[in-house]
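Welcome, and please open the model in your viewer. We will go from stop to stop, selecting a few residues or elements at each one.

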Amino acid sequence: MKQQIASVIDGQAEAFTAISRYIGENPELGHEEFKASARLMEELRKQGFEVESPVLGLPTAFIGRYSSAKPGPTVAFLCEYDALPELGHACGHHLICVMGLAAAVGLKSVIDEIGGTIRVYGTPAEETKGAKVPMSAEGLFDDVDIALMAHPYYTYEKSGESLAMDAIQFEYFGKASHAAATPYEGVNALDAVLMLFNSISVLRQQLLRDHARIHGIITEGGKAANIIPDYAVAQFYIRSANRPYTDEVVQKVLRCAEGAALQTGCTLKTSNYEYSYDELITNETLSDLFTRNLGELGIPESEIEIGKDHGSVDLGNVSRHCPAIHPYVKVVDEKHLLHTKEFRDLSMKDRAFEGMLLGAKALAFTAYDAITNPEVLRSIRDEFRKSLAASRQA
């Protein structure tokens, strides 16, 4: 049956490549992916999936569904299709979404015989306000048995870790004044932001774990050099390897921000300007299945690296509701990092589309193995429960 899955994917390789190329040539920012989501939904309907959109009021989110007459597990393939500002698809999301689409189509060719349900989740804005966060919070993954996606890269890499993250904005309100004639009548909001940065720099020395990350920018710092700024804004990402410690670091940063307000006489307002991401809990049993299937497709395990931390992903929130993996699949032969023009350009070459289709087969094969082997699926579920309990005690 795996040969049938592969044949279906190969038989539609030209169509899948055309969809990916179209999305790559028409990059859209998060929650603005109208062309990408429309093209993906069009193909899902053509392939016999029922499609729901919008989802949770998100206009570019969707869920495609196909259920066999036979009962069985529910498998989710996750699609991302947002681009980066100015860079376009430098993270390869035009490949990610079609990997999920092609895997679903391949698995559908055998699902009526083996039993089960296929879902394809269209999840906008992974780079910012990732839709997987509200989808997870609203229970849309609670009845899913396994959630699968793969990310393009310059090498093969097992599903590994990601960092929990909070995105916090700090707004300081002061009082404007002439910087030369009457500076003493002003309350300098920019000074408060600078003190915040200095306080955070000192705080970094006191963080107990080397996986903590705090980094930010000033988005508003005044309008003219001869006016005391009465409004200044900084935005920070605060990350660590797990949610409990991230929450602890956030509280320390908030105290730094409050201290800066007190020292300058400013008023402080804090808010989350993007969604909070939890750390990825890789299901190792499921990950091993994917690695073995890469082997079946001709990729020796010696070429598959140990999973690393690549920042933060909203799949982390999904992984607290169902077993999930996020491996990396080689689509370029030169060592270029994600979020670069070089990777963007190479990810539109034929080599990248070949890697995309291989990733789709590996995802579909992995889903097939989980569906047809109750003992393996039971191990996946048992590991999920244990890992979730352990993460809450971290």
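A charge is said to sit over a ring if NZ of Lys or CZ of Arg is within 6 Å of the ring centre and within 35 degrees of the ring normal. With that in mind, select K108 and Y66: K108 lies over the face of Y66, at 4.6 Å from the ring centre.

A word on the model before moving on. It is predicted, so local features need pLDDT of at least 70 and side-chain atom pairs count only at pLDDT 80 or more, while totals for chains, interfaces and linings use all residues. Residues are numbered from 1 along each chain as its sequence is written, and side-chain values use heavy atoms, with hydrogens and water left out.

**Stop 1: around Y237**

Select R239 and Y237. The charged end of R239 sits over the ring of Y237, 4.9 Å from its centre. Rings of Phe, Tyr and Trp (its six-membered ring) pair if their centres lie within 6.5 Å; planes under 30 degrees apart count as stacked, over 60 as edge-to-face and the rest as tilted. The count of aromatic pairs by this rule is nine. Y237 and Y273 form a stacked one, 6.1 Å centre to centre with 25 degrees between the planes. Y237 belongs to strand β10 (residues 231-240) and Y273 to the loop between β11 (267-272) and α8 (284-296), so the pair ties together parts that are 36 residues apart in sequence. Helices (H or I, at least four residues) and strands (E, at least two) are DSSP runs, numbered from the N terminus. Are Y237 and Y273 buried or exposed? Both are buried (under 20% relative accessible area; exposed is over 50%, partly exposed in between, with a 1.4 Å probe and protein chains only).

For another ring group, select Y153, Y154 and Y328, which ring pairs link into a cluster.

**Stop 2: the four-stranded sheet**

Show β8 to β11 as cartoon. They form an open sheet in the order β9-β10-β8-β11, with antiparallel pairing (two strands pair if DSSP finds at least two bridges between them). At the edges stand β9 (213-220) and β11, each with a single partner strand, so one side of each is left without a neighbour in the sheet. Next, select β8 (residues 164-173) and β10: 10 bridges join these antiparallel strands. Among the residues here, F173 has Y231 of β10 as its bridge partner.

Bring in helix α6 (residues 189-206), which packs on the sheet and touches β8, β9 and β10. Contact means heavy atoms within 4.5 Å.

**Stop 3: the six-stranded sheet**

Move to the open sheet with the order β1-β2-β4-β3-β5-β13, where pairing is mixed. Its edge strands, β1 (50-52) and β13 (324-325), each pair on one side only. Select β3 (residues 74-79) and β5 (residues 146-148), which pair in the parallel sense over three bridges. Here F77 stands opposite L148 in β5.

T74 is also found in β3. It is buried, with a relative accessible area of 10%. Beyond its neighbours within four places in sequence, T74 has contacts that include T117, R119 and D143.

**Stop 4: the cores**

A nonpolar core is a set of buried Ala, Val, Leu, Ile, Met, Phe, Trp, Tyr and Cys residues joined through side-chain atoms within 4.5 Å. Which residues have the most contacts inside the largest one? Select F77, L107, I146 and L148, in a core of 74 residues. Helix α11 (residues 350-372) gives the most to this core, with 14 residues.

Definitions and conventions. Axes fitted to C-alpha atoms, helices over the stretch in contact; angles between N-to-C directions.
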